[in-house]
Amino acid sequence: MSRAHRISALASAAGVAISSYLLGIRLIDIPAICGPALGPFGGCAKVEASAWSSIGPVPVAAIGVIGSAFLLAATMIHARSQSQRALAAWLFAALAGAAVELGLIAIQALVIEAWCFWCLLYGCTVLVSAVAVVSVARAYEEPTG
Amino acid sequence: MDLIRRAALSGVVVGVVGVIVLFLANPFSGTPTPSMGGDFTPVAPTLTPSADLATDHGLGAVDAPVVLTVWTDYQCPICGTWGNGVEPALYERYITEGKLRIEHRHYSFLGEESFLAAIGAECAADQEKFWAFHSYLFANQVGENQGAFSPERLRKIAEVSGLDLASWDTCVADPAVRTEVEADAAEATSLGITGTPTLIIGDWMQSGIPASEELYARIDEALGN
């Protein structure tokens with residue numbers, strides 16, 4: 001397994017954990033470790049209470065769990081098989097996720113005007129996986145021998 | 001390589017479309033749905049407290065040893081969970097025992113209907129019916145800024161809460177009441193509150209709803225148990 005694969009796998013596993021935690025806060029009454037103690041990044045309740053925290057009835061955190069689990073699976077499958085299809089799936093999911101995360105970060109900054117530490121940390125995991133997969137894809141383009 | 005390039009391009013396109021869908025799904029960005037019809041019958045709240053325990057903006061004996069101040073927005077879904085689930089549990093466990101009083105404060109920030117609901121609640125307080133109106137609001141939450149707390153529906157909530165409608169109508173039209181609600185929000189901001197619900201007991205402040213056992217432990221600690 002290459003360094004890029006290991007980084008992406010770790011980031012995606014962290015993404016699954018973080019998004020599961022955020023989903024737990026929303027669906028069951030597990031405690032939210034956030035608030036003023038986290039300074040400018042303690043606006044989790046405001047972000048979670050905003051209309052941006054779900055698409056219709058589906059919490060954004062639930063989409064995060066599925067997305068990061070898919071990224072983790074695609075990373076592991078490509079690490080083992082080195083197949084182009086696995087790379088394509090990984091690339092597709094990571095770039096789609098990165099675009100969405102950049103949008104969500106912009107919404108926190110410009111619309112909600114509050115930062116949620118866990119949401120930002122989750123966004124970083126997706127962006128890290130995107131950087132990793134792009135580095136792997138670029139290696140495919142470079143001439144060998 | 002074509003497969004890789006197509007995947008990369010598709011990923012970016014799907015991501016951008018995802019962001020657009022998120023924007024379109026946001027009720028703030030579209031035209032708010034008008035009132036949900038004239039046959040609205042408010043859902044009764046789960047908790048109907050004893051009249052002597054529901055005084056001013058609080059629930060519980062005025063001399064209760066522990067005061068829990070709760071800042072909420074009436075449109076915030078987690079506040080709905082608080083009002084419909086946690087408050088009734090605290091009522092049974094502590095308030096009826098005279099150990100706890102919950103003091104409600106408005107932190108209205110989710111849009112116009114949050115303000116309308118809070119103004120309605122303030123006018124209910126003028127008639128010593130704050131808690132009834134407050135409980136009906138949480139029991140009748142539907143989305144955000146989609147008409148659930150339109151003036152017409154709030155008037156029906158006022159009616160089932162037992163308010164004198166003529167006085168309530170006069171009160172909600174008074175701009176001074178809105179100023180009070182806005183001042184509450186400004187005070188919340190000055191306290192460093194960034195979301196709802198925010199719970200305060202003495203020096204302890206928590207944003208969001210803690211686990212039941214953690215909340216009970218916090219109250220028990222304040223009680224000296």
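I began with contacts in chain B, counting two residues as in contact if their C-beta atoms, placed from the backbone, lie within 7 Å. Of the contacts between residues at least 6 apart in sequence, 80% join residues at least 24 apart.

I noted what I was working with: this is a predicted model, where local features need pLDDT of at least 70, side-chain atom pairs count only at pLDDT 80 or more, and totals for chains, interfaces and linings use all residues. Residues are numbered from 1 along each chain as its sequence is written, and chains are lettered from A and ligands numbered from 1 in the order in which they are written.

Next, the fold. I used DSSP runs numbered from the N terminus: helices (H or I, at least four residues) and strands (E, at least two). Chain B holds eight helices and six strands. Their order along the sequence is α-β-β-β-α-β-α-α-α-α-α-β-β-α.

Then burial. I called a residue buried with 20 or more other C-beta atoms within 10 Å of its own, exposed with 12 or fewer, and partly exposed in between. Chain B has 225 residues, and 42% are buried.

Last, the backbone. Most residues other than glycine have a negative phi, and most peptide bonds are trans.

- Pro197(B) sits in the loop between helix 7 (175-190) and strand 5 (198-201).
- Glu128(B) has a positive phi of about 60°. Its loop runs between helix 3 (112-126) and helix 4 (130-139).
- Asn145(B) has a positive phi near 55°. Its loop lies between helix 4 and helix 5 (151-160).

Glu128(B) has 14 C-beta neighbours inside 10 Å, so I put it down as partly exposed.
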